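The sequence and structure come below.

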Amino acid sequence: MKKTLSLTFSILLSSAVHAQTYDIVINNGRVVDPETGLDAVRHVGIHGDQIAAISEFPLSGETVIDARGQVVAPGFIDLHAHGLNVGDMRMQAMQGVSTVLELESGVLPIGAWYDTQAKKVLPLNYGAAAAWTFGRIAAFTNTEPRATPDFFQDAQSLDNWKQEIAYGETFNRLMALVEQGLSEGGLGIGVNAGYAPGYGQKEYFALAKLAAEYDVATFTHVRYLGDHQPNGAFDAMQELIANAALTGARMHICHINSNSVRDIHATLDLVERAQARGLPVTVEAYPYGAGNTVVGAAMFSGENWQERLNTTAQAFQLGDRRLTEDELDDLQANEPGTFITWHFLDEDQPEDLSLVDVSVTHPSVMIASDAVFWSYLDDNGMSLIYEGDEWPLPDDVFSHPRSAGAFAKMLRSYVRERGLLSLSEAIRKMSLMPAQMLEEFVPQMQRKGRLQVGMDADIVVFDLATITDNATYANANRPATGVQTLLVNGGFAVRDGSVVLDADTGRAIRR
Ligand SMILES: [Zn+2]
């Protein structure tokens, strides 16, 4: 009798607690948490901005989401996103991304950048690293850095900061600017080395020492590209790994796929060996055979550069069209800051696709989109960055499909259609791994990338049977479909499969 009473009492008590406690509950979903290995039907209770319960029994709350037949996972963390305006974030939110970080390029000055972001209504968490290239441009041109992409674009017509070794005052000023970015809360040092490949070995070594001193990471787009020798991706990654070994700095390799191109097996071997020896080297990739960057980038210059990269003007795309040699020359000479898409592998060819596949499926590789700005052409054919808040995005803006599809493509192609990754492994690469890489020096990340009690309520609910990246090279301007709900800090960024237009749920991620 006594036992029955107490059992009844505890059921009453627990249902009373549930009724009162949760602001939002997500019931009946397949909850996947790669850190604990949980992959089962569970019911998730959210209180405020935190996950408050994960239960084997349905919960009740003020807002109830029925996730029957859907996957409930930690929101994805994009380490490599260049566009951090509301339009960029909505395209990311539609794929389940809850945190977008500008780590590869970074920005300067960092304090001013966070102040500007804080004034915007933004759905996703955001953060940035201190930009070495911005420091270099400022030091070589005797200017102050501006924390906007046009500072980098406008400098594309100048060669000194890209090709010259920094000495004396120039060197001191650029290092001081980077260090100031770290003291203002930057998430590490963005070393976009491929854009200023003329730097000296001592400079990269100094950056690594600075990162070690501040106990942060460097995020590097390595100095060289492709499989030729000397001065290919292999050499550039050896340089990076040497600096990690010599300084103890955490050093992250950005988009190993697009830097390695056809040499991905050799460069992944370097990463495996570095990691096997305990060096703090990490790596990311995106699931596409084309890149996107400014047409005046240093990688597209120098003696016989097309031959060296085994490419032609036909491989370059502006808007929805491929370029002729004359058009490419003209853009490089007159509008070097224009963003173009460069096709370096053909995903329709099985041999090329296998190179993309090995880069994103390797167990050490995290997924990061390298999402680029949305652009449009003005009346004079000049390409400008779209920073407005229209949704859907205006018909005439374009980007690389990865800006709207990288994470959804992993789930569609690699998990559902081709079975190259388990669901849990794909989620690990897109949420837990980036959180683990950052959490030792960015404490906020200890509560992200996990679907556990006490963690931040950054949660995606999606249908694995339908999730699809709709963005193509011909038309990148198509949001992904299949994400039903995205919570960021316990608030809705996506609800019933649609963007929440006034979502102000994003917060700064800052040291
Ligand atoms: Zn890059």
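## Domain interface

Between domain 1 and domain 2 the count of salt bridges is 0, a salt bridge being a side-chain nitrogen of Lys or Arg within 4 Å of a carboxyl oxygen of Asp or Glu. The rule does find 7 residue pairs in polar contact across this interface, both residues at pLDDT 80 or more. A polar contact is a pair of N or O atoms within 3.5 Å; within protein, one must be able to donate a hydrogen and the other to accept it, and residues adjacent in sequence count only if both atoms are side-chain atoms. On the side of domain 1 that touches domain 2, the elements giving two or more residues are E20, strand E21 (483-488), strand E22 (491-495) and strand E23 (498-499). E21 provides the largest share of that side, 4 residues. Strands (E, at least two residues) and helices (H or I, at least four) are DSSP runs, numbered from the N terminus.

Domain 1 comprises 2-74 + 451-499 and domain 2 comprises 76-404, with bounds from an automatic or database domain assignment. Their C-alpha centres are 34 Å apart. In contact (heavy atoms within 4.5 Å) are 24 residues of domain 1 and 31 residues of domain 2. The area buried between the two domains is about 2,000 Å², with carbon and sulfur atoms giving 64%; buried area is the accessible area (1.4 Å probe) that two parts lose on being put together, summed over both. Tyr473, Asn477 and Val499 supply 36% of what domain 1 buries against domain 2, more than any other three residues.

## Basis of the model

The model is predicted: local features need pLDDT of at least 70 and side-chain atom pairs pLDDT 80 or more, while totals for chains, interfaces and linings use all residues. Residues are numbered from 1 along each chain as its sequence is written, and side-chain values use heavy atoms, without hydrogens and water.

## Salt bridges

The count comes to 24 salt bridges. One of them joins Glu425 and Arg428 at 2.8 Å, N to O. These residues are 3 apart in helix H16 (residues 423-439), so about one helical turn separates them.

Asp458 and Lys448 form a salt bridge at 2.7 Å, N to O. Both residues lie in the loop between H16 and strand E20 (459-462), so the pair ties together parts 10 residues apart in sequence. Asp458 and Lys448 are buried, meaning under 20% relative accessible area, with exposed over 50% and partly exposed in between (1.4 Å probe, protein chains only). Salt bridges with shared partners join Arg447, Lys448, Asp456 and Asp458 into one network.
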